[in-house]
Amino acid sequence: MADQRISDLTAASSGIATDQVEVNQGGTSLRVTAQQLVDSGHGAWVTPTFNAGDFTGNGSMTWTLASGDVDTLAYTIQGKKMTVSFVLNTTTVGGTLNTNLQILIPASKTAAKSMVNPVYVFDNLVATTAYAQVNTAGTTISIIKFGAGNWNASTNQTYVLGQITFEIQ
């Protein structure tokens with residue numbers, strides 16, 4: 001059977017960038033970035049670095065998160081299928097209230113098709129029904145309450161928990 005080891009290489013020991021791995025199969029070596037390995041379907045869950053700018057409201061509404069509010073934001077890619085999971089606690093909604101909380105799709109990906117999935121939310125500590133949605137050619141995951149009502153203003157009292165799977169371009 002062919003040797004199918006995957007070994008991390010560091011810049012200090014090999015001269016390869018630290019975000020690269022070397023795949024050996026049958027004596028043939030191939031250097032790829034960790035992201036290429038994930039994108040090729042070998043992927044484990046990836047947790048992106050926190051960036052408060054990845055969380056917004058639509059229109060003039062604001063959605064504010066601190067790094068401690070993100071219990072989980074992780075994604076996996078298998079071929080052209082991306083799954084994003086999120087558990088966002090004690091978040092703040094303000095500004096001119098509107099209908100969509102938005103999460104930037106990780107890894108600079110773009111949705112290929114519109115997809116929808118129910119999610120759990122607490123809007124100013126009131127449990128309500130909502131869904132996560134991506135739109136064709138979109139770069140955000142919208143969190144929308146059923147009935148499309150506006151979100152309520154809150155300080156550390158909005159929670160969003162869910163997952164969505166969609167095709168990427």
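Let me start with strand S12, residues 154-167, in this predicted model. Asn156 is in that strand. Its phi is positive, about 60 degrees, although Asn156 is not a glycine. For context, most residues other than glycine have a negative phi. Asn156 has a relative accessibility of 41%, so it counts as partly exposed.

A second residue of this kind is Ala107. Phi of Ala107 is near 60 degrees, again a positive value in a residue other than glycine. Ala107 sits in a loop, the one between strand S8 (100-104) and strand S9 (115-123). Its relative accessibility is 33%, and Ala107 therefore counts as partly exposed.

Before going on, a word on confidence. The average pLDDT for the protein is 86, and 75% of the residues score at least 70. Over residues 1-14 the pLDDT is below 50, yet that stretch has 25 contacts in the model beyond near neighbours in sequence.

Now the hairpin. Strand S6, residues 70-78, and strand S7, residues 81-95, run antiparallel and are joined by eight bridges. Two residues lie between the strands of this hairpin, and Gly79 in the turn has a positive phi of about 65 degrees. Within the pairing, Tyr75 stands opposite Val84 in S7.

Back to S12, this time for Gln163, which is also in that strand. How far is Gln163 from Tyr75 in space, given that they are 88 residues apart in sequence? The C-alpha to C-alpha distance is 9.3 Å. Gln163 does touch Val84, along with Trp45, Thr83, Ser85, Phe86, Asn117 and Val119, leaving aside residues up to four places away in sequence. With Ser85 there is also a polar contact between side chains, at 2.5 Å. Gln163 has 36% relative accessibility, so it counts as partly exposed.

Next, the aromatic residues. How many aromatic pairs does a search of the whole structure find? It finds four. One of them is Phe50 with Phe55: the ring centres are 6.1 Å apart and the planes are at 20 degrees, under the 30-degree limit, so the pair counts as stacked. Are the two residues buried or exposed? Phe55, at 3% relative accessibility, counts as buried, whereas Phe50, at 33%, counts as partly exposed.

Another pair is Phe122 with Tyr159. Their ring centres are 6.0 Å apart and their planes are at 80 degrees, over the 60-degree limit, so this pair is edge-to-face. Phe122 lies in strand S9 and Tyr159 in strand S12, so the pair ties together parts that are 37 residues apart in sequence. Phe122 has a relative accessibility of 33% and therefore counts as partly exposed.

Ring pairs also link Phe50, Phe55 and Trp63 into a cluster.

One more ring to look at is that of Trp151. The charged end of Lys145 sits over this ring, 5.6 Å from its centre.

To recap the part around S12: Asn156 in this strand has the positive phi, Tyr159 pairs with Phe122 of S9, and Gln163 makes the polar contact with Ser85. That is where I will stop.

Methods. Residues numbered from 1 in each chain as written. Heavy atoms only, no water. Helix = DSSP H or I, 4+ residues; strand = E, 2+ residues; numbered from the N terminus. Buried < 20%, exposed > 50% of the residue type's maximum accessible area, 1.4 Å probe, protein only. Pairing = 2+ DSSP bridges. Phe/Tyr/Trp six-rings, centres within 6.5 Å; stacked < 30°, edge-to-face > 60°. Lys NZ or Arg CZ within 6 Å of the ring centre and 35° of its normal. Contact = heavy atoms within 4.5 Å. Polar contact = N/O pair within 3.5 Å; in protein donor to acceptor, adjacent residues only side chain to side chain. pLDDT = per-residue confidence, 0-100.
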